[in-house]
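Subject: Structure for your review

Dear colleague,

Please find below the sequence and structure that I am handing over to you. A description of what was found follows directly after them.

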Amino acid sequence: MNHSSDMPSPGGPVTPFLSLSGVGKTYPGVVALEGLSMDVMPGEVIGLVGENGAGKSTLMKILGGVVAPDRGTIRLDGAELRFLTVESSISSGIAFVHQELNLFENLDVAANIFLGREPLKAGPLKLVDRDRLREMVKPLLRRVGAHFSADTPVASLSLAEQQMVEIAKALSINARLVILDEPTSSLPLAETERLLSIIKLLKADGISVIFISHRLHEVERVADRVVVLRDGALAGTLAKKDIGHDQMVKLMIGRMLAARTAKPQRAPGAVALKVSAVRTAAYPGHPVDLEIRYGEILGLAGLVGSGRTELARVLFGIDRSYGGVILQDGQQIAVRSARDAVARGIFLVPEDRKRNGILLDFPIAQNITLADLPTLASRFMLSAERETAAAERQRVRLGIKAPSVSSRTSTLSGGNQQKVVLAKWLSMSPKVMIFDEPTRGIDIGAKNEIYGLMRALADAGVAILMISSDMEEVIGVSDRIAVMHEGQISGILDEDEFSQESVLLLAVGKRVK
Amino acid sequence: ASYAADKPTLAFVVNGASDFWKAAEAGVKKAQAEMPDYNMELKYPEQAAVAIQQRLMEDLVSAGVKGIMVSAVDPKTQTDGLNKIGSQTALFTTDSDAPKTNRVAYIGSSNVDAGKQAAEIAKKAMPDGGKCMGFVGLLGADNARERIEGMKEGLKGTKIELVDVRGDDIDQTRAKKNVEDALVASPDLTCMVGFYSYNTPRIYEALRDAGKLGQITVVGFDDDPITLGGVKEGTIAATVVQQPFEWAYQGMKLMAAYLKGDKSGIPADGLIIIPTVIIGKDDVDKYAANLKAMAGK
Amino acid sequence: MIKKDLGLLLLIVVVGIVVAIINPRFLLPINLANTANLIGLFGILSIGQAYVIITGGIELSVGSLVALLGVLFVDFVAVQDMPWILALPLILVLGAVIGAIHGWLITRLNLQPFVVTLCGLLIYRGAARFYTADGTAGFAFGQNFPYLEFLTAGRLYGVPNTFIALVIISVVMWVVLHRSVFGRYLYAIGKNEEAARYSGIRTGRMVLSAYVICGLLTALAAIYFAMYTRSISPASHGQFYELYAIAAAVLGGFSLRGGEGSIVGAVLGTVLLQELQNLVNLLGIPSSLNFAVMGGVILIGVLIDQQWNAIRAQRRLVSAARQTEARVSDEGKLPVAANQDQV
Amino acid sequence: MIKKDLGLLLLIVVVGIVVAIINPRFLLPINLANTANLIGLFGILSIGQAYVIITGGIELSVGSLVALLGVLFVDFVAVQDMPWILALPLILVLGAVIGAIHGWLITRLNLQPFVVTLCGLLIYRGAARFYTADGTAGFAFGQNFPYLEFLTAGRLYGVPNTFIALVIISVVMWVVLHRSVFGRYLYAIGKNEEAARYSGIRTGRMVLSAYVICGLLTALAAIYFAMYTRSISPASHGQFYELYAIAAAVLGGFSLRGGEGSIVGAVLGTVLLQELQNLVNLLGIPSSLNFAVMGGVILIGVLIDQQWNAIRAQRRLVSAARQTEARVSDEGKLPVAANQDQV
Ligand SMILES: Nc1ncnc2c1ncn2[C@@H]1O[C@H](COP(=O)(O)OP(=O)(O)OP(=O)(O)O)[C@@H](O)[C@H]1O
Ligand SMILES: Nc1ncnc2c1ncn2[C@@H]1O[C@H](COP(=O)(O)OP(=O)(O)OP(=O)(O)O)[C@@H](O)[C@H]1O
Ligand SMILES: O[C@@H]1[C@@H](O)[C@H](O)OC[C@H]1O
Ligand SMILES: [Mg+2]
Ligand SMILES: [Mg+2]
């Protein structure tokens with residue numbers, strides 16, 4: 001598709017590239033979108049914010065042709081479309097990075113990026129021109145700052161690296177509108193910076209961008225206009241000059257938020273978990289040493305693929321460790337399975353929610369009680385009342401937005417799904433909690449609630465290891481910060497040493513000071 | 001055991017695994033004992049299917065087998081395949097013939113005659129007429145069709161009628177349930193015919209379970225121990241037995257002679273019919289003793 | 001009993017009524033008892049299969065196992081003169097051990113269930129045939145084991161003991177699957193094995209147990225089958241029984257993707273299949289159509305179920321949309337056509 | 001050719017050498033040609049099956065289809081006197097149509113492939129048997145169709161034409177699966193159907209095409225099988241062929257979860273299976289063990305493959321660890337025991 005001739009003539013009135021009016025979508029029991037109207041101008045960066053479940057992804061899925069709206073009209077370049085299919089969306093120049101990753105682990109990076117739009121060899125057979133494909137992919141990977149090559153199998157990439165592939169894919173479409181649904185939720189700082197600069201480059205090329213994020217400071221930096229959704233309806237629009245953290249929050253949740261993080265109420269206690277010379281599969285040559293104390297939140301920062309998730313998996317018994325010892329309360333322990341970890345009060349809130357965190361088809365209640373069934377059961381028999389009561393308690397405590405605890409978990413928004421994962425562990429008296437990207441995809445209100453919960457847990461004496469790629473979060477929430485570089489702890493910062501620079505320096509393997 | 005190159009090998013290929021062929025195995029063994037300069041083997045295909053049997057024979061030919069005696073799964077239409085085998089080895093047929101092929105000779109029973117003998121049994125047991133239901137494994141197989149045809153022919157002009165034949169695909173569970181269902185569906189049945197070797201014992205057991213032994217005339221085929229027991233007991237009218245032991249024993253010797261160049265045993269029409277015999281209450285003991293002796297036990 | 005099960009029950013009853021009208025002998029106690037007997041035999045297989053399917057697995061070796069274990073049982077009791085009171089538990093243990101081996105290969109060595117049990121299908125069939133040298137294992141004429149025969153092939157007030165066994169097994173297995181922690185774990189594993197493991201469930205052990213249960217129930221059914229036919233030709237005995245068991249489970253609402261289905265459904269599925277076979281014989285339909293009738297009914301059943309759900313979901317959506325339409329000030333625009341599911 | 005395929009090739013060669021040493025007649029041209037003929041027949045089935053498996057589906061009705069289409073072909077040509085030049089494409093079209101129906105039920109009505117094709121297995125078998133009233137369809141004595149026979153059962157310089165057909169089909173299907181856009185889409189769909197849909201791929205249409213290809217190749221194989229046996233008893237013809245085809249694909253590295261496998265692998269899998277069958281017959285192993293040998297070899301093959309991968313991964317890790325061990329000043333602590341895969 002070549003749309004360059006459609007660019008507005010200078011001086012004339014600019015027609016919106018895309019215009020929605022009265023677009024609505026209802027799911028059984030939930031109005032995801034109430035007749036929403038908005039325009040997207042060429043070369044405009046729109047920040048789309050709203051609480052979890054506000055309808056952001058639904059709106060974007062309609063534009064991507066994945067979900068059909070029940071009401072309303074869509075105009076592209078002034079032409080009214082009956083509906084968008086995935087094909088018509090792509091061919092109209094709409095590129096879409098989905099909130100949940102959609103890559104093919106059995107194909108390599110290049111095949112993933114150009115899937116559905118492969119360069120073909122001459123002839124009727126529709127054979128893929130593999131050389132040209134590789135050439136086309138190289139500059140894209142350079143542009144997103146990826147260090148892996150075009151023929152790397154996607155299966156061997158970390159979540160963040162996969163996110164980069166997704167972004168490269170969006171860039172590869174000769175797009176006029178790029179939709180990024182929480183692209184930074186698993187990107188650490190350096191990569192996030194690169195993404196934000198990519199957005200600016202797109203804008204300079206006259207390409208429109210819709211940028212969805214719960215990291216409001218990012219939105220603040222790139223958006224020309226912010227559209228705020230609340231409960232499926234338009235809560236307001238902020239022009240460039242009015243964009244600010246507090247204004248956005250106010251529109252999103254209808255009130256101002258209290259101070260973000262509370263200070264610890266107690267000094268850290270004894271060492272709960274001591275990791276010494278533990279090696280993970282990703283970096284079998286690099287031993288990790290780390291101490292987590294009762295009552296503290298230890299932040300774990302690092303670049304993409306620095307090995308934090310791998311460490312968490314070893315501590316939780318999912319992966320084996322290659323040498324080294326783990327001590328709990330001074331005693332050497334063997335964590336051979338997640339079961340062992342759970343039995344010792346070591347819990348993990350995993351990074352990949354959809355895959356490891358929840359059973360999408362299960363009712364909320366059954367997800368919440370899954371790990372704790374033995375205590376809720378009497379003699380191996382389930383007790384429906386006790387289960388529902390326990391789940392209901394957690395639902396209220398965490399403010400999970402759902403019609404009831406018997407609703408399917410798949411119908412919840414991402415943020416509420418994340419709360420369900422937290423709820424699973426909170427009823428079980430944790431000793432050590434490992435949070436891997438705990439607020440990935442979670443709105444600001446819920447984020448604060450989760451920070452509050454983490455703090456409360458720490459104050460109650462729980463040792464917390466918080467892996468996070470959100471710099472604000474790491475600095476704002478942690479009591480100490482450990483930084484990982486290529487599978488090793490490159491440094492540990494105390495509160496008085498906290499700063500973005502020092503974290504970043506350690507993250508790239510340099511010494512601080 | 002691999003085939004020693006020095007000794008010519010003769011193979012007896014059956015149509016499917018069934019106890020019926022155990023007697024043939026004993027016949028092969030007896031012939032082998034008498035002719036140690038030959039290797040003699042009985043081969044079961046994995047399934048009673050043409051492609052699988054054909055493949056087995058082709059492989060045997062490749063392995064250097066000098067003579068094959070086969071109970072073809074579907075002789076009428078297996079002509080080309082059998083001809084191919086026959087052009088590379090001495091081919092004999094047994095159990096059911098394939099007269100249009102280049103086989104040297106057929107040795108076995110006549111299934112049509114066997115069916116007629118079944119009719120004899122029925123006529124003798126039910127002089128006043130009756131209504132029969134038949135049971136068989138493979139409704140489509142030649143031997144089944146010929147037996148059914150033969151019986152119908154033998155019953156012509158009598159008041160005995162073969163109303164239906166139910167198939168079971170050699171699934172024993174279905175074989176027995178078919179009998180049970182027949183008892184329910186047609187309460188006026190007075191006789192049952194088991195066309196395959198295992199059908200008669202399944203009839204016997206279903207009747208016993210229903211308390212109807214002795215009330216319904218049972219006509220059997222072959223010599224399953226249960227069948228012979230029922231005949232002796234008087235609950236089975238009689239059974240038509242084939243002589244697979246003889247087929248195998250005589251057949252092997254015939255093949256060996258043929259390979260040595262002695263063609264005197266081959267009749268002009270190529271048919272060596274070893275008659276089927278009706279075994280009634282009075283013959284059972286002698287027959288069973290004979291069976292035992294043949295098996296060399 | 002869930003809605004799906006009710007639909008199946010309705011189908012069974014309707015078919016029954018139609019058959020009874022055409023041939024009233026369908027309702028004779030003896031016919032019902034005969035059919036109940038086979039429902040007992042195949043129902044036990046289906047429940048075993050159901051436990052494996054719920055985990056997202058499959059057990060293809062059922063038919064071959066019925067042959068192998070049946071041959072061994074008959075041989076032990078009828079030929080080796082082993083007391084049946086010893087042979088019976090021995091066969092059950094053997095079934096459980098084979099199930100455990102399957103489970104071990106699947107959970108520890110990470111082989112696919114389809115592959116492992118396909119190999120089982122081939123190997124056990126071969127083993128059974130080799131054991132008897134392609135002969136038949138059967139009881140001699142007049143060989144009687146009154147207690148064993150009463151237990152396995154007898155009737156209590158006209159009700160076959162195999163059917164009673166099925167009822168007891170169903171109740172126990174229903175409680176285990178639908179009311180116990182173990183059962184919940186199996187559902188969780190079937191839905192998302194990884195997430196279950198991350199919740200501290202020993203998924204390997206649970207899946208292995210499911211295969212053991214399947215092996216155990218298959219062994220029991222193998223003994224019942226052996227005592228029903230009293231003779232086993234290992235080349236053909238039990239052939240395709242795994243398909244019957246799978247078909248019954250699928251008819252009863254089990255998804256081969258795992259995590260869905262109910263024991264009641266599996267049993268009702270078996271009832272329907274046996275009713276169909278009975279019908280073919282009672283109505284004098286050519287035996288050759290037996291399979292076709294079975295396949296046709298399963299397909300129609302699954303289709304109706306599928307369409308029914310689709311229509312219900314559709315209707316719910318429309319009514320939900322209409323409700324909000326009334327609320328929201330609407331511009332009176334035509335709804336955009338549905339555009340999902342393009343082929 | 002990928003590493004997995006090479007391993008399989010090696011296995012085939014080693015087995016061949018061992019057999020040839022024990023019985024040199026294995027290498028007789030006539031034996032190789034006979035085996036090549038069967039490799040051709042079953043290989044075509046395996047490639048068809050592979051196309052379905054790559055999408056994460058399965059086609060269980062292959063064996064029944066071989067019977068039904070074979071019966072029809074023979075009946076058309078031998079009994080209805082239809083010119084074979086007409087009957088042949090007719091049967092191919094019929095195969096494609098049946099494939100399309102399966103694909104339609106699966107993609108449009110969202111039925112599970114296992115269920116749809118299981119029903120197919122039952123229905124087509126019944127239909128074939130009903131069509132001939134359980135009789136046999138075959139050519140009468142002396143009925144000859146020289147051209148047709150040359151094409152389907154003839155040999156060119158001693159090489160069976162069916163084998164030549166397999167070679168041609170393999171090459172074409174290899175290009176389509178491994179080099180064309182369509183093939184790439186099939187891989188994508190097999191791994192993650194939803195994501196493929198989000199990428200603008202008409203997943204329904206692609207999956208349907210895979211079933212059509214499978215139906216087409218199955219129809220071709222059905223004709224070849226019919227001309228090989230020249231006689232079809234619909235009750236047993238082709239029974240279990242779907243399992244052979246699936247087994248060959250699995251041996252060749254296809255995953256039943258979809259998205260993995262290569263055409264070369266499926267063909268080599270077929271070669272190995274046929275070599276094994278040939279070996280059982282040539283070495284005079286009791287035929288009862290035929291199935292057991294097949295099952296055993298598949299299991300061992302899959303196990304070695306699995307363990308091989310695990311060991312390689314392990315060794316890589318250990319060597320990486322050792323390299324840095326030298327660098328890092330180590331406290332000489334005992335390693336923590338392996339902790340994966342708890343049962
Ligand atoms: N397939 C579905 N079935 C039923 N309800 C759904 C479905 N998908 C979304 N919803 C509901 O629609 C509403 C909007 O969801 P959406 O995913 O658009 O929220 P969001 O703004 O993207 O939230 P988040 O920030 O958490 O990603 C939520 O209440 C959600 O529960
Ligand atoms: N399945 C896999 N196979 C091979 N390598 C992998 C796999 N998963 C992760 N890795 C590699 O292991 C390294 C560490 O990944 P890990 O996910 O632990 O990093 P992380 O610090 O948590 O980063 P992220 O922000 O991506 O979560 C990376 O180099 C990654 O490429
Ligand atoms: O062919 C055999 C037939 O003659 C016998 O009566 O029953 C068993 C069959 O295998
Ligand atoms: Mg969202
Ligand atoms: Mg991580």
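Across the interface of chain C and chain B, 14 residue pairs are in polar contact, with both partners at pLDDT 80 or more. A confidence value is quoted here because this is a predicted model.

**The interface of chain C and chain B**

The elements of chain C that each give two or more residues to the side touching chain B are helix H2 (29–54), helix H10 (203–229), helix H12 (263–282) and helix H13 (290–327). The largest share of that side comes from H2(C), which gives six residues. By residue class, the side of chain C that touches chain B divides into 17 nonpolar, 19 polar and four charged residues.

How many residues does the contact take from each chain? Chain C gives 40 residues and chain B gives 34 residues. Between them, the two chains bury about 3000 Å², and 47% of this area lies on carbon and sulfur atoms. Within chain C, the residues that lose the most area to chain B are C:Phe141, C:Tyr228 and C:Asn281, which together account for 23% of what that side buries.

The count of salt bridges between chain C and chain B is one. Which side chains meet in a salt bridge? They are those of C:Arg230 and B:Glu205, with a distance of 3.8 Å from N to O. This pair qualifies as a salt bridge because the rule asks for a side-chain nitrogen of Lys or Arg within 4 Å of a carboxyl oxygen of Asp or Glu.

I turn now to the ligand. There are 16 residues around ligand 2, and those that come nearest are A:Gly307, A:Arg308, A:Thr309, A:Glu310 and A:Glu351.

Three of these residues can be described through their distances to oxygen atoms of ligand 2. For A:Gly307, a backbone N or O atom lies 3.0 Å from a ligand oxygen. For A:Arg308, an N or O atom in the side chain is 2.9 Å from an oxygen atom of the ligand. For A:Thr309, a polar side-chain atom lies 2.6 Å from a ligand oxygen.

On its own, ligand 2 has 630 Å² of accessible area, of which the protein covers 75%. The largest share, three residues, comes from H9(A). The shell as a whole divides into six nonpolar, six polar and four charged residues.

Yours sincerely,
A colleague

Key:
Residues numbered from 1 in each chain as written. Chains lettered and ligands numbered in written order. Predicted model: local features only at pLDDT ≥ 70, side-chain atom pairs only at ≥ 80, totals over all residues. Heavy atoms only, no water. Near = heavy atom within 4 Å. Polar contact = N/O pair within 3.5 Å; in protein donor to acceptor, adjacent residues only side chain to side chain. Areas by Shrake-Rupley, 256 points an atom, 1.4 Å probe, with all protein chains shown as cover. Helix = DSSP H or I, 4+ residues; strand = E, 2+ residues; numbered from the N terminus. Nonpolar A, V, L, I, M, F, W, Y, C, P; charged D, E, K, R; others polar. Contact = heavy atoms within 4.5 Å. Buried area = accessible area lost by both parts, 1.4 Å probe.
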